[in-house]
Amino acid sequence: MTPLIRTENLVTNFYTYEGVVRALNGVSLVVDHGTTFGLVGESGCGKSVAVRSMMRIIQEPGRVEGGRVVAFFDPRDKRRGIDLLQQSEAYMEHLRGDQISMIFQEPNAALNPIMSIGDQVAESFLFHKKKEMAAAVLAAMDRENGRPPWPLGAFQRALYARTAVSPRDPLVALTGRLPLVRRWQMRLRREALRRSVEIIGKLGIPNPEAVARLYPHNLSGGMKQRIVIAIALACSPLLLIADEATSNLDVTIQAQILDLLRHLKETEIASILLITHDLGVVAETCDRVGVMYAGNLCEVANVTDLFNAPRHPYTRALLEAVPRLHQDGPLRSIEGAVPNLVNPPAGCRFHPRCPEARAICRKHFPETVHLGGDHSVACYLYTDRPRGEGAA
Amino acid sequence: MLTYILRRFFFLTFVLFGVSVLLFGILMTFSPERRAAAYVTTPQQAKDIPRIIQQFGLDDPFYVQYVRWIKEVSRGNMGWSLVAARPVGEAFWRYFPITLEMNLYAAPIVIFLGIWLGSVSGIHRDSWIDHSTRIFAIIGWSLPTFLFALVLLMVFYGYFQMFSPGVLSDALAMSIIDHPDQYTAYTGMLTIDGLLNGRLDIALDALHHLVLPILTYVIVVVALNMRVMRSGIIEELSKDYVLTARAKGADRRTIHYRHARRNALLPVVTVAGQLVAMSMEGSIAVEVVYNRQGIGWWLAESATQLDMPVLMCICLFMGVVFVVTNLTIDILYAYIDPRIRLN
């Protein structure tokens, strides 16, 4: 398996008035090329923070303070990879939406309420595909060049020619900002809109031309989620992160969206990182699963291994808490509550709720042990050694 | 759309009726003698008071007096202004341009400066620029206008002899009076009339006299606008669609100006509209301190002298202004926010 993106000891803290929220406490995971990785855990365990840290879109007052996010997107850099945390913001802007993109949890909030659907999808193209689109516009201009090239038209053509060479050309950037003058980009916008309509149609929305002209409040939740997916897919990214993409939808819509994601993985994108708290979704869609608890990744395994032979006490408890159809007696739940991350328990953060906690669990965080078969777990049941550097 | 506008204008008549009844009722709490006394200037005339009451029916029942007033108003007769010593309608068109002229310059500054400063401080939250605009806003919002106007007048006119009060320098005012045939008052607004008459000196001098009033007014009023914009930007930037935009690869500029600012503008439209509407009655403190005889000054003078027709006129005018402003705000809202449909 070739890795696509890898995090190493990712640490993210939020500096709130109540204190420092230690949301990520050294998370290391690998998403391989062509696989679906599931990240599960209770609400507030840091799943979203982990993926947002990977994309570097943590909002204030959060800060990624340690670790590495190594991406192997560039075929020329297959062996070494690029540490995204060391890159400039401009580099990340260039990467986001083009190579990694994200689908959000709440489709009702994830779209700008006062911008038309078509414009919102078109933005993805305008950010990343300017060069190709300018070339397409230029070709179309040359094809229809029946009328005499009036001076403004010639100027417009020259600007498109410059954009087709380099979208960051200073003259292009300047004229793209000046009021009125920036209207030369009309054809570029039209081209982006045309592509948006195409991608909206691809996602199984009937009558995409009409939908592109609507606003988010005109659409149902499932439709909105499809639009959010369309935005994420616009530039065919290598990695699609779905942050609880189906949690807030009806069960039927949820199934449709999951089917859509599965279909897209086969046709459009390389890998999916799926965040969910629904173990059923994980069993159905994922190849590998990571279980998170209070900012730590406690167990990572292939999906069958995890469900058949869970190793970490938390994973076991989590699986036992899933209701089953032919179960007698009350539903099992995990004793205790999720710890407050401003003042997390010392040592293994699960020890206060763990039925198998020992003395050492209260002092140091355990190291991650590889049990063979790509199954790794961080628990003193399988090792005696605490985690080394980077442990909190 | 048109039916919506027409319907709103239809409601305007009810608003005006309500406003006039209310104000008329308040003025009726003064005794007939007190109201008649407004027309008495010397002690000798005091004996005429019963005759004035008799003649104008000041002791008639409320509704009789109100209907009498309404009849005259509907004929276009707003009454006689004691303060202006001319009919109210005529006096209104004499004072209104002075106020309107100031608003014409101040309103765009208030709106655009407020939006700009508000977005900058919202985007750079808790930076030095946010703190300095906050201090600026607190000073502007909490200092009494009259005090602030006096301090500015004292510093700029008192010490530096830079901006004199009034609307026009005496020499230029005299030149207009001396040669009435060479100067036509098209609008009553000196900066515009000066240009229309080809008298650049008058236009510039009038503008010069506008500097301090506009400065005072802007600093006092821009604060509210700015703070609303700032909190709007901060709220919008924390919303999920901003995250979607970032995940798309949007740069900061696009996020701030294309996404957050347009959403944050909605409450600002309301606030700015109300500010502009309120400023139409003229800032009393600004007009009195800087000796500009506009609506605000006229209102203050009339109120102290119980000049009833003037008070009624200005209140009706404000009723119209507020209804029209609210209508404009609603139309702008529908334009900015696709979720809002008129009717």
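## Salt bridges in the model

A salt bridge is counted here when a side-chain nitrogen of Lys or Arg lies within 4 Å of a carboxyl oxygen of Asp or Glu. In this structure, which is a predicted model, that rule gives 29 salt bridges over all chains.

One of them joins the side chains of A:Asp243 and A:Arg52, with an N to O distance of 3.6 Å. Because A:Asp243 belongs to strand E7 (residues 239-243) of chain A and A:Arg52 to helix H1 (residues 47-55) of chain A, the pair ties together parts that are 191 residues apart in sequence.

## The interface of chain B and chain A

The size of an interface is often expressed as the accessible area that is lost when the parts come together. Here chain B and chain A bury about 2500 Å² between them, and 54% of that area is on carbon and sulfur atoms. Of the area that chain B buries against chain A, 28% is supplied by B:Leu243, B:Arg246 and B:Lys248, which is more than any other three residues supply. In terms of residues, the contact draws 24 from chain B and 31 from chain A.

## Polar and charged pairs across the interface

Two salt bridges are counted between chain B and chain A. B:Arg258 forms a salt bridge with A:Glu123, in which the closest N and O atoms are 3.1 Å apart.

On the side of chain B that touches chain A, helix H11 (240-248) and helix H12 (252-279) of chain B each supply at least two residues. By residue class, this side of chain B divides into 11 charged, six polar and seven nonpolar residues.

## A nonpolar patch on chain A

Which residues form a nonpolar patch on the surface? The patch is made of A:Trp150, A:Leu152, A:Phe155, A:Leu171, A:Leu174, A:Leu178 and A:Val181, which together have about 630 Å² of accessible area. Helix H6 (151-165) and helix H7 (170-175) of chain A each supply at least two residues of this nonpolar patch, and A:Phe155 lies in helix H6 of chain A.

Notes:
Residues numbered from 1 in each chain as written. Chains lettered and ligands numbered in written order. Predicted model: local features only at pLDDT ≥ 70, side-chain atom pairs only at ≥ 80, totals over all residues. Heavy atoms only, no water. Contact = heavy atoms within 4.5 Å. Buried area = accessible area lost by both parts, 1.4 Å probe. Helix = DSSP H or I, 4+ residues; strand = E, 2+ residues; numbered from the N terminus. Nonpolar A, V, L, I, M, F, W, Y, C, P; charged D, E, K, R; others polar. Patch = residues over 30% accessible without salt bridge, like charges linked within 9 Å, V, L, I, M, F, W, Y side chains within 5 Å. Areas by Shrake-Rupley, 256 points an atom, 1.4 Å probe, with all protein chains shown as cover.
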